[in-house]
Structure formats: C-alpha cells, structure tokens
Amino acid sequence: MALPKSVKSREFIRAALQRYEDARTLLNANRTTGAVYLAGYAVECGLKALLLSRLGAKKQAEMQESFRGNRGHSLDSLRDRYQQIAGARLPMAIAKEFSHVISWNTDLRYETGT
C-alpha cells in the first residue's frame, strides 16, 4: 500500500494498521468485543486518513479539528464527508464491505462479554 503524501494522513494510516493488528491479536485470544471495537477504530482512522489525503494543509487542520466529538467518531459522518470532498461515492466493493462495520460505534468500549 502506498502511503499518502500528507504527514497527518500517514499518521492516521499507521494508527489504522496498528489498531487492525491489535484487533487481530484480540480476536485470536477470543476477546471478540475488544477486537470488534479496535477493528472499527481502524476503519475510523482509515477514513480520516482518506479525508486528510484529499485536502491541502490549511484545510487539513480544519478537518482534524472536526474529528473531535461524536461526529468525528461516526463512520457514517466520515464516509459522507469523504464522498462530499472526493465528489464521488465509495466504490461498490468498498461500500459493500463498509456495510459490515456501519453499526460500529464507540459505545462498544463499555460493553462486557463477547
């Protein structure tokens, strides 16, 4: 995978890859709730990287500020903002996979059990 030119975007890609590996480790240990939470967080970081990669430096700072709060953790909101900035919908194959994670939210961090 080629890394984006933007430093901030690369940081989010690295975080996404690390959270994905963390999720796989938890899944292998049958810690499914934590695995799902971290996998969703990996998707969140990936979407943020995509958003930042489409913007200039000044707009990147504004976008990063918008990542704070509930809207910044909403996969729906991040997807919609990406589509608005990119001027196109997600490719069909990605949209299909995205449908598997759309119900993810940060409330999972408080869930117990598997």
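**View 1. Packing of helices H1 and H2 in the predicted model****.** H1 and H2 pack with their axes (lines fitted to C-alpha atoms over the stretch in contact) 8 Å apart and at an angle of about 165°, angles running from 0 to 180 degrees between N-to-C directions. H1 is therefore roughly antiparallel to H2, the term used for angles over 145 degrees. Their contact (heavy atoms within 4.5 Å) comprises 16 nonpolar, five polar and four charged residues. The structure is a predicted model, in which local features need pLDDT of at least 70 and side-chain atom pairs count only at pLDDT 80 or more, whereas totals for chains, interfaces and linings use all residues. Residues are numbered from 1 along each chain as its sequence is written, and side-chain values use heavy atoms, with hydrogens and water left out.

**View 2. Packing of helices H2 and H4****.** The axes of H2 and H4 lie 10 Å apart at an angle of about 20°, which means that H2 is roughly parallel to H4, as angles under 35 degrees are classed. From H2, residues including Gly40, Val43, Leu47 and Leu51 take part, meeting residues of H4 that include Leu75, Leu78, Tyr82 and Ile85. Eight nonpolar, one polar and four charged residues form this contact.

**View 3. The largest nonpolar core and Phe12****.** This core (buried Ala, Val, Leu, Ile, Met, Phe, Trp, Tyr and Cys residues joined through side-chain atoms within 4.5 Å, buried being under 20% relative accessible area with a 1.4 Å probe and protein chains only) has 21 residues, of which Phe12, Leu51, Met63 and Phe67 touch the most other members. Two or more residues each come from H1 (7–28), H2 (32–53) and H4 (75–86), and H2 gives the largest share, seven residues. Leaving aside residues up to four places away in sequence, Phe12 touches Cys45, Lys48, Ala49, Leu52, Gln64 and Phe67.

Methods:
Buried means under 20% relative accessible area, exposed over 50%, partly exposed in between (1.4 Å probe, protein chains only). Helices (H or I, at least four residues) and strands (E, at least two) are DSSP runs, numbered from the N terminus. Angles under 35 degrees count as roughly parallel, over 145 as roughly antiparallel, 65 to 115 as roughly perpendicular and the rest as oblique. Ala, Val, Leu, Ile, Met, Phe, Trp, Tyr, Cys and Pro count as nonpolar, Asp, Glu, Lys and Arg as charged, and the others, Gly among them, as polar.
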